[in-house]
Amino acid sequence: MSEFTSSPHAESTSTDDSATPTAITGASILLDHVTKRFPGQTRPAVDGLTMEIPAGKIVMFVGPSGCGKTTTLKMINRLIEPSEGRIVVDGDDVTDMNSDTLRRGIGYVIQAGGLFPHMTVATNIGIVPKMLGWDKARIAARVDELLELVSLDPALYRDRYPKELSGGQQQRVGVARALAADPPILLMDEPFGAVDPITRLRLQDELINIQEELQKTIVCVTHDFDEAVKLGDWIAIFNEGAQLEQYDTPERILGDPANEFVENFIGSGAGLKQLTLTRVADVGLRAAVVGNPGERAADVLARVVEAGHGHAVIIDERRRPLQRLSRRELGRLQVISDIPDPKLPVVGIRATLNDALDTMLVSSAGAALVTGRRDMFKGVVDVQTVMDAITRSQAAAGLDSDQAPVGLNTGLFQAQASAAGSDPSEIEGSGDGAGAVQ
Amino acid sequence: MNNRTLNTEAGIAGGDSAVETPGDPAAPAVPVSRARLGWQSWRGLVYQLAGILVAFLALVIWLRTADLSPIELTTLAPAALWGYTVEHIQLTLLAAVIVLVIAIPLGIALTRRPLRFLTAPVLAIANVGQAAPAIGVVVLLAFWVGFGFWAATLSLVLYAALPVLRNTMVGLQQVDARLIEAGRGMGMSSAAVLFRVELPLAVPVMLSGVRTALVLLVGTAALATFVNGGGLGILIITGVNLSLTPVLVTGALLVALLALLIDWVGRVVEHVARPKGL
C-alpha cells in the first residue's frame with residue numbers, strides 16, 4: 001500500500017532528485033503508461049506500467065518468471081517495441097527515435113556477457129565506440145581504461161578471445177563493453193545468473209564499487225531477491241503482467257512489505273536479510289584495549305580492568321590483530337606471545353552485518369574484530385551493535401520515504417481515487433478490469 | 001550428408017576447445033597451446049595431401065609401365081587426359097561459382113525475419129532433393145534444356161546448391177540468439193549484426209557446406225558426359241563400353257583423386273578462414 005501513499009510525494013520531489021548531486025552521470029528514465037501485447041496472447045505482458053527510474057540509482061526488477069520484468073527492461077532500449085505508451089529518457093521522448101541510435105547510448109549487459117566469440121576482448125569492448133566513429137587511439141585507450149575499471153590487467157587480457165576467459169572474466173568484459181561509450185544508462189538482464197555463487201558475490205561487490213565511481217542509472221533484472229537487496233537502491237517487485245506490487249527501498253520492502261505477494265516473495269528471514277543492508281563501517285565500532293606481543297600479561301590485564309572490558313586485542317607491529325584474550329587467559333599468561341590465533345573472528349570493514357554476525361556465531365566469541373585497509377585493526381563489533389542496527393533499520397522502515405519514485409499500473413489510478421486504502425485484492429481486480437477494457 | 005558435415009564441424013570445434021581451454025591460463029600458456037594446436041590441426045591436411053600425391057604417382061607409374069593396347073594408349077595420352085581434366089575442373093568450378101552466387105544470398109535471405117517462416121519448409125525440400133539420384137537430375141534436365149555443356153552445368157548447379165543452401169541456413173540458425181540480441185542491444189543495425197556477427201560465426205558450417213558441394217560436383221560432373229557435357233566421365237564410359245579396363249580405372253581414379261584434392265583445398269580454406277577464437 002505504501003506505493004499509493006508515497007507516490008504523490010515522489011512526483012513532486014523526483015525532478016529535484018535527478019538534478020541535485022553533481023557526480024551523477026546517469027539519466028532518468030520514465031516509462032509512461034507502457035503496455036506490451038504480444039500477438040496471440042490474451043493478457044498483455046506489460047499492462048499500463050508507469051514507472052520512474054531516478055538518475056544515478058540502481059533499480060532492481062524482481063518477480064517470478066514470466067512476470068514481464070525482462071520485457072519491461074527491453075522496452076527501455078526498445079529491443080521490444082512498446083504497443084502503447086512512451087519511453088522518456090532524461091526528459092526526451094525516445095519512443096519514436098531511431099532505435100539503433102538510442103541503443104548506442106544505452107549500455108546493455110546480458111547473462112554470461114554475450115561476448116562475440118570471434119572477436120578479441122579489445123574488439124568486443126570497442127564495438128560501440130567504433131560505431132560512434134572514434135579513432136583507433138582513443139578506442140585503444142578507452143579499452144585499457146575499462147579493463148582496469150573491471151579489474152582485468154589490459155596487457156594480459158586485451159588480446160584474448162572470450163573462450164580463453166573464465167565465466168566471471170567474461171562477465172566483467174561484458175560490463176566493460178556496455179560502459180564503452182560512457183552511456184548514462186546501463187541495462188542488465190540477469191547479469192550474474194551464469195556464474196558460480198562465489199564469483200557472483202565478487203562481481204556484485206565490484207558492480208557496487210563501479211557504481212560508486214560512475215553513478216550511472218542501472219536497471220537490472222534478477223530473479224534473486226538477495227541480489228536485489230544487495231545491489232538495489234530501489235527494488236521493483238513485479239507480479240504477472242508487470243503489475244508493480246511494491247517499488248521502494250530494500251529497507252522498506254523488507255521492513256514493510258506492501259502485501260502478501262511481496263511477503264511471500266521475500267521469503268523467510270526478512271530480518272536477517274536486513275542485516276545484509278548495513279555494512280560494518282556504518283555502525284559504531286567499539287574501542288578495545290590493545291596489547292602487543294612481548295608485553296607482560298599483567299600490564300595488559302590491568303588496562304583491561306581499568307577500562308572495564310572483558311577482553312584485550314593483541315596486535316602486531318603493523319596493527320594486524322593476532323589474538324583476543326579474556327581476563328582469565330591474561331591472568332594465566334606471563335608474557336604475551338606473537339603466535340596468531342587461527343580462529344580469530346575477523347571481518348573486513350566493508351563486510352555486511354550479516355557476515356559479522358555469522359563470524360561471531362561461528363567463533364562463538366560474541367564479538368568480531370573489524371579490520372580496515374591492509375588488515376589493520378579498527379575496532380570491535382558485537383552482538384549488541386548488531387541488535388541496535390536492526391532496531392534502527394526497523395524504525396527507519398516505519399517512516400514514509402519521501403523520495404520513492406513513482407511506480408504504478410494504469411488500472412490503479414481509479415483504485416487510488418475511488419478507494420484509497422482498500423485491500424489489495426480489490427485493487428488487483430480493478431487493474432485487471434482496466435486491462436480487459438483496453 | 002547434413003549430419004556428416006555438421007558432425008565433422010562439431011568434432012573439429014570440440015577438439016579445439018579441449019586443447020585450448022586452460023583452466024585459468026597464465027598468459028604464456030596461451031601462445032604455446034596455440035602453436036601446438038596449429039600443428040595438430042595441420043597434420044591431417046598434410047597427410048591427406050601426401051596420400052593424394054602418392055596415389056597419383058602410383059597411377060602415373062602404372063600407366064607408364066603397363067602393357068597397353070594402341071587404343072588405350074591414344075585414349076590415355078597425357079594431352080588428352082589433361083584436356084578431360086581441365087574440362088572437368090571447368091565444369092566443376094563454373095557450377096560452384098554459380099552455386100555460391102545463388103545459394104549463399106538465398107540462404108541468408110531465407111533466414112531473415114520477413115522470410116523466416118520459409119526456413120523449415122526449404123530445409124525439408126533441400127533434404128529431400130539431396131536424396132534424388134544425380135544421374136536422374138542430369139538426364140531429365142538434358143531432355144528439358146537440351147544436351148551439352150550448359151545443360152550439364154545447370155543440373156550440377158541444381159544438385160550442388162542444396163548443401164550450400166542448407167549449410168548457410170543451418171550455420172546462420174545455429175548462431176546463439178543471445179549474441180544477436182547483444183549486438184542489436186548495443187545499437188548494431190541488423191545488417192551490421194549479419195555481417196559482423198552472424199556470418200563470421202556461420203563461416204565454419206557454411207564452408208563445410210561449400211566443400212561438400214565441391215566434392216559432390218567433382219563426382220557428379222563425371223555424369224556430364226552422358227549429356228555431352230565433357231569431363232573425365234568420358235574415360236569411364238569408354239572404358240565400360242569398350243571393356244578397356246585400364247581406361248576405366250584411370251578415369252575413375254582421376255575423378256576420385258580430383259575429388260580428394262578439391263576436398264583438401266576446401267579443408268585448407270576452412271582452416272584458414274575459420275574465425276579465430278572459435
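**Helices and strands of chain A.** In this predicted model, chain A contains 18 helices and 17 strands. The chain has 438 residues, and 53% of them count as buried. Among the contacts in chain A with a separation of 6 or more, 65% are between residues 24 or more positions apart.

**Contact of chain B with chain A.** Chain B brings 28 residues to the contact, and chain A brings 30 residues. The two chains bury about 2,600 Å² between them, with 56% of this on carbon and sulfur atoms. On the side of chain B, the residues that lose the most area to chain A are B:E181, B:M186 and B:R196, which together account for 25% of what that side buries.

The interface holds 2 salt bridges. A salt bridge joins the side chains of B:E181 and A:K74, at 2.7 Å from N to O.

**Elements of chain B that touch chain A.** The elements of chain B that each give two or more residues to this side are α1 (2-20), α2 (29-65), α8 (177-185) and α9 (190-221). With 7 residues, α8(B) gives the most. Sorted by class, the side of chain B that touches chain A consists of 13 nonpolar, 6 polar and 9 charged residues.

Note on methods: Residues numbered from 1 in each chain as written. Chains lettered and ligands numbered in written order. Predicted model: local features only at pLDDT ≥ 70, side-chain atom pairs only at ≥ 80, totals over all residues. Heavy atoms only, no water. Helix = DSSP H or I, 4+ residues; strand = E, 2+ residues; numbered from the N terminus. Buried < 20%, exposed > 50% of the residue type's maximum accessible area, 1.4 Å probe, protein only. Contact = heavy atoms within 4.5 Å. Buried area = accessible area lost by both parts, 1.4 Å probe. Salt bridge = Lys/Arg side-chain N within 4 Å of Asp/Glu carboxyl O. Nonpolar A, V, L, I, M, F, W, Y, C, P; charged D, E, K, R; others polar.
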